[in-house]
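Please walk me through this structure in plain terms. I would like to know what surrounds the ligand and which places in the chain deserve a look.

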Amino acid sequence: MLYDKLKNYNRIPFHMPGHKRNIKKLGNKLPYDLDITEVEDFDNLHSPNGIIKEIEDKAKEVYESDNSFILVNGSTVGILAGVLSVVKRGDTVLIARNCHKSVYNAVELAGANAEYIVPEIDEYGIFKAIDTDELNNKLQSVRPKLIVITSPTYEGVKSDIEGICKLAHSYNIPVLLDAAHGAHYVDYAKDADITVMSLHKTMPALTQCALAHVNGSLVSAEEFRIKLSMLETSSPSYLLLCSIEECLNFKLDYWEFINKRDQLVKNCNNLNNLKLLDYDISKLVIFTGYSSINGTELAEKLRADYNIEVEMAAKSYVVLIITPCDNFVNYKKLEKALIEIDGGLTSQPFENDYSFIIPERAVYPYEIDKKAETVLDDSVGKISAEYVWAYPPGIPLIVPGEIISDEFIKTVKDGIKNGVNIQSTYSQLPEKILTSID
Ligand SMILES: Cc1ncc(COP(=O)(O)O)c(C=O)c1O
């Protein structure tokens, strides 16, 4: 195991890392005594044939993939490498509009053109699964080089991956599945040509740990590795590699977790004003729309009064990540907090005013040349030269090249008013937005 190798390494280190594993001088607050670089016997992430290859083989075995790749820069780098390995300048990529911004960045880096499929929004304002029939309709008019979809979503909504891949493959089009939130499903890498998953989100691995799986003959695993090597650090942290190995070997007591989770869900289903939405085993979504509190207020209350921090707060819900690594005592604390908060709320009708209207496209992002700062209120009708998104989940509300509308400005202002963390590429919101000038 890599951990033992790191622990037992005792050569005199005239090599990186510069801390020289000297915990006598540095203290042992951080694991300096495990950190190392690619010295003899420690393999090389970019052309693995030793201990790192063994970890990749383990990932192949666990997820039953043809090829698995270790990622030490999150799902982000897998998405970038995946898109760049398939798509060339001028190609079209069909992406679900609720994809993470790394997908948009990848398409832009490739100099490709994005076309969109937009999942519907459910009664709670949350993106639904991809409609396979709608995808089929779209494929009558657009012939992309690649289809990119997200499943499960940040909230845990899952699409019919098998059906989508079968459909795409009937047109010889490969699918990149962003399963950043799906690493807890061992059968999740079997259908798509490229599947990317963050081990650090729903599995017990250090932040940045992720995997990519490449299957079949529509995409080239070799090309994927080449692109990954261009994008990923040449000095990967062995602590992250070690964490990926530990995670792949970790035996989770799923039964105990499922049991405790079921009890939590059962008790939360009795809330009067807050509503539990149960899309995925790794998440709890608490919907606030029928109550006198909004998502960000609920998050604040949980933090201030109960010391509970949630994963994400949106306008009308919060998302909590739960895993078998939870201390189950905390489920009782969460339950108590929700029951108490719920008791102090009043009910009100929910106005689902959240619709996702794709702003009209004027030019492709790479066609934008000169840019100017524009006061947000004066920007209607101008072309955005930057991305704007709520983080999390990092889904763009506008993409460079799209026309700024009244609705877009309303969405931004409404989000900010409701405490949602709205961000933009040039970080000037809510006062200013970067626009294109010709
Ligand atoms: C749907 C989705 N895809 C990709 C990413 C990027 O993953 P990572 O942070 O592991 O790079 C995220 C991050 O939140 C995400 O939510």
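The model is predicted.

Around it stand 15 residues, and the closest are Gly74, Ser75, Thr76, His100 and Ala180.

H4 is mostly covered, since twelve of its 13 residues are buried. Ser75 and Thr76, two of the residues closest to the ligand, are among the buried residues of H4. Further along the helix, the buried residues include Val77, Gly78, Ile79, Leu80 and Ala81. Gly82, Val83, Leu84, Ser85 and Val86 are buried as well. An α-helix has 3.6 residues a turn, so residues three or four places apart point the same way.

H4 also has a helical partner. Two packed helices are described by the angle between their axes and the distance between the axes. For H4 and helix H9 (residues 221-231), the axes come within 8 Å and cross at roughly 130 degrees. Angles over 145 degrees would count as roughly antiparallel and those from 65 to 115 as roughly perpendicular, so H4 and H9 are oblique to each other. The crossing in which H4 passes H9 is right-handed.

The backbone has some particular places. One joins proline 392 and proline 393, with omega at about 15 degrees. Proline 393 sits in the loop that runs between strand E13 (388-390) and strand E14 (395-398). The other cis bond links leucine 429 to proline 430, and here omega is about 10 degrees. Proline 430 is likewise in a loop, the one between strand E15 (422-424) and strand E16 (432-437).

Two further places have a positive phi without being glycine. Lysine 20 has a phi of about 55 degrees, and its place is the loop between helix H1 (2-8) and helix H2 (23-26). Glutamine 208 has a phi of about 90 degrees and belongs to the loop between helix H8 (199-202) and strand E7 (210-214). Are these residues buried or partly exposed? Lysine 20 has 16 C-beta neighbours inside 10 Å and therefore counts as partly exposed. Glutamine 208 has 21 such neighbours, so it counts as buried. The cut-off for a buried residue is 20 or more.

Glutamate 54 belongs to helix H3 (residues 51-63) and is partly exposed, because 15 other C-beta atoms lie within 10 Å. Between glutamate 54 and leucine 2 there are 52 residues of separation in sequence, and their C-alpha atoms are 9.6 Å apart.

Glutamate 297 is part of helix H12 (residues 295-306). With 17 C-beta neighbours inside 10 Å, glutamate 297 is partly exposed. Tyrosine 317 lies 20 residues away from glutamate 297 along the chain, and the separation of their C-alpha atoms is 9.7 Å.

Isoleucine 164 is in helix H7 (residues 161-170). This residue counts as buried because it has 24 C-beta neighbours inside 10 Å. From isoleucine 164 to proline 119 the distance is 45 residues in sequence and 13 Å in space, taken between C-alpha atoms.

Glycine 419 lies in the loop between helix H14 (406-417) and E15. Its 16 C-beta neighbours inside 10 Å make glycine 419 partly exposed. How far apart are the C-alpha atoms of glycine 419 and tyrosine 366? These two residues, 53 residues apart along the chain, have C-alpha atoms separated by 32 Å.

Conventions
Residues are numbered from 1 along each chain as its sequence is written. This is a predicted model: local features need pLDDT of at least 70, side-chain atom pairs count only at pLDDT 80 or more; totals for chains, interfaces and linings use all residues. A residue is near a molecule or strand if its C-beta atom, placed from the backbone, lies within 6 Å of it. Helices (H or I, at least four residues) and strands (E, at least two) are DSSP runs, numbered from the N terminus. Axes are lines fitted to C-alpha atoms, for helices over the stretch in contact, and angles run from 0 to 180 degrees between N-to-C directions. Angles under 35 degrees count as roughly parallel, over 145 as roughly antiparallel, 65 to 115 as roughly perpendicular and the rest as oblique. A crossing is left-handed if the near helix is turned anticlockwise from the far one by less than a right angle, and right-handed if clockwise.
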